[in-house]
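Please examine the structure shown below.

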Amino acid sequence: MEYKIRKYEARDRARVRWICCETGFMGDPMEVYFEGREAFADMWSLYWTDYEPESALVAEADGQVVGYLLGCLDTAKQERVFNKEIRPKLFGSAMRSGVFFHLKNWRYLYRVARSSRRGEFNEPRDRVHAEYPAHLHTNIAPAEYRGHGMGKALMLEYFKYLREHESPGVHLVTTSRNRLALKLYYGMGFQDLFRDPLTCYDHVTDEPLEKIGMGMKL
Ligand SMILES: CC(C)(COP(=O)(O)OP(=O)(O)OC[C@H]1O[C@@H](n2cnc3c(N)ncnc32)[C@H](O)[C@@H]1OP(=O)(O)O)[C@@H](O)C(=O)NCCC(=O)NCCS
């Protein structure tokens, strides 16, 4: 399959948001557990497309964008921007997306609160951000474009960019259900930084899940 890896441009934004939603449940559409595409895309792609577009890459095939790698050089900064500027806007997009009218969303939000109480989101943030300050999110959709080397090509291009910016290390977070992704990440040299049970999807999965944080020195 012929494809091209290039820098993200503003005209790719809608397509990136679509891919984000199409892959939002570990490679399947997010509607498995959540309704409201605008709010979902704001949560999972807005920082990277609007606040740090220079660190984003896309994969193009058959004349359209079919994959992305959304990058970030400094995760601590991304968290500050998210908390100060994006989180307050999320309530508006949640209202516009009708998020609070869906029982499905309340079921999920209840489980997120429960996971939080159980300490499932207590990653070793400070250590990870200090040693592996960059991070990435990568997804490809529709599914027929997976397994043709685009994921690997996006990552190699991103690593080049990170080295140019003298980044000491990069991390990512995935789950035990993202099997192709795990194969790719271990193959590229990532190693486990933490593994924790993740129970907020237990109503839509038939297997116990683990959240897996991985890192790689550059
Ligand atoms: C994860 C993802 C981005 C990887 O991109 P990709 O283009 O499919 O992956 P690649 O084709 O570059 O494959 C990379 C490696 O994975 C393996 N792989 C990929 N597709 C495979 C398939 N269909 N069967 C078996 N192995 C496969 C290969 O071993 C390959 O390694 P190699 O170069 O040594 O052969 C993509 O599959 C995807 O979007 N998956 C669903 C969403 C997801 O899980 N995203 C990650 C969120 S953390």
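In which strand is the place of Glu60? Glu60 belongs to strand E2, residues 56–61. The model is a predicted one, in which local features need pLDDT of at least 70 and side-chain atom pairs count only at pLDDT 80 or more, while totals for chains, interfaces and linings use all residues. Residues are numbered from 1 along each chain as its sequence is written, and side-chain values use heavy atoms, with hydrogens and water left out. Helices (H or I, at least four residues) and strands (E, at least two) are DSSP runs, numbered from the N terminus.

**Glu60 and its contacts**

- Glu60 counts as buried because its relative accessible area is 19%; buried means under 20%, exposed over 50%, and partly exposed in between, with a 1.4 Å probe and protein chains only.
- The side chain of Glu60 makes a polar contact of 2.8 Å with the side chain of Arg6. A polar contact is a pair of N or O atoms within 3.5 Å; within protein, one must be able to donate a hydrogen and the other to accept it, and residues adjacent in sequence count only if both atoms are side-chain atoms.
- When neighbours within four places in sequence are left aside, Glu60 is in contact (heavy atoms within 4.5 Å) with Glu2, Tyr3, Lys4, Arg6, Arg11 and Val65.

**Helix H3**

- Helix H3 covers residues 75–96 and has a kink of about 45° at Ile86, shortly before the proline Pro88. The bend at a residue is the angle between axes fitted to the seven residues ending there and the seven starting there.
- At the start of H3, a side-chain oxygen of Asp74 comes to within 3.2 Å of the backbone nitrogen of Ala76.
- Just after H3, Gly98 has a positive phi of about 70°.
- The buried residues of H3 are Thr75, Gln78, Val81, Phe82, Ile86, Leu90, Ser93 and Ala94.
- An α-helix has 3.6 residues a turn, so residues three or four places apart point the same way.
- The cover over the buried residues of H3 includes helices H2 (37–51) and H5 (125–131), together with strands E3 (64–72), E4 (134–140) and E5 (169–175).

**The ligand and its shell**

- Around the ligand there are 18 residues, of which Ile140, Gly147, Gly149, Gly151 and Asn178 come nearest; a residue is near if one of its heavy atoms lies within 4 Å.
- An N or O atom in the side chain of Asn139 is 2.9 Å from a nitrogen atom of the ligand.
- A backbone N or O atom of Ile140 lies 2.8 Å from an oxygen atom of the ligand, and a backbone N or O atom of Gly147 also lies 2.8 Å from a ligand oxygen.
- The protein buries 70% of the 920 Å² that the ligand exposes when taken alone.
- E4, helix H6 (150–164) and helix H7 (179–188) each give two or more residues to the shell, and the largest share, five residues, comes from H7.

**Other single residues**

- Ser167 is in the loop between H6 and E5 and counts as buried because its relative accessibility is 8%.
- Arg163 is found in helix H6 and counts as partly exposed because its relative accessibility is 48%.
- Pro208 lies in the loop between strand E6 (191–198) and strand E7 (209–217), and it counts as exposed because its relative accessibility is 78%.

Key
Accessible areas come from the Shrake-Rupley method with a 1.4 Å probe; for residues, only the protein chains shown count as cover.
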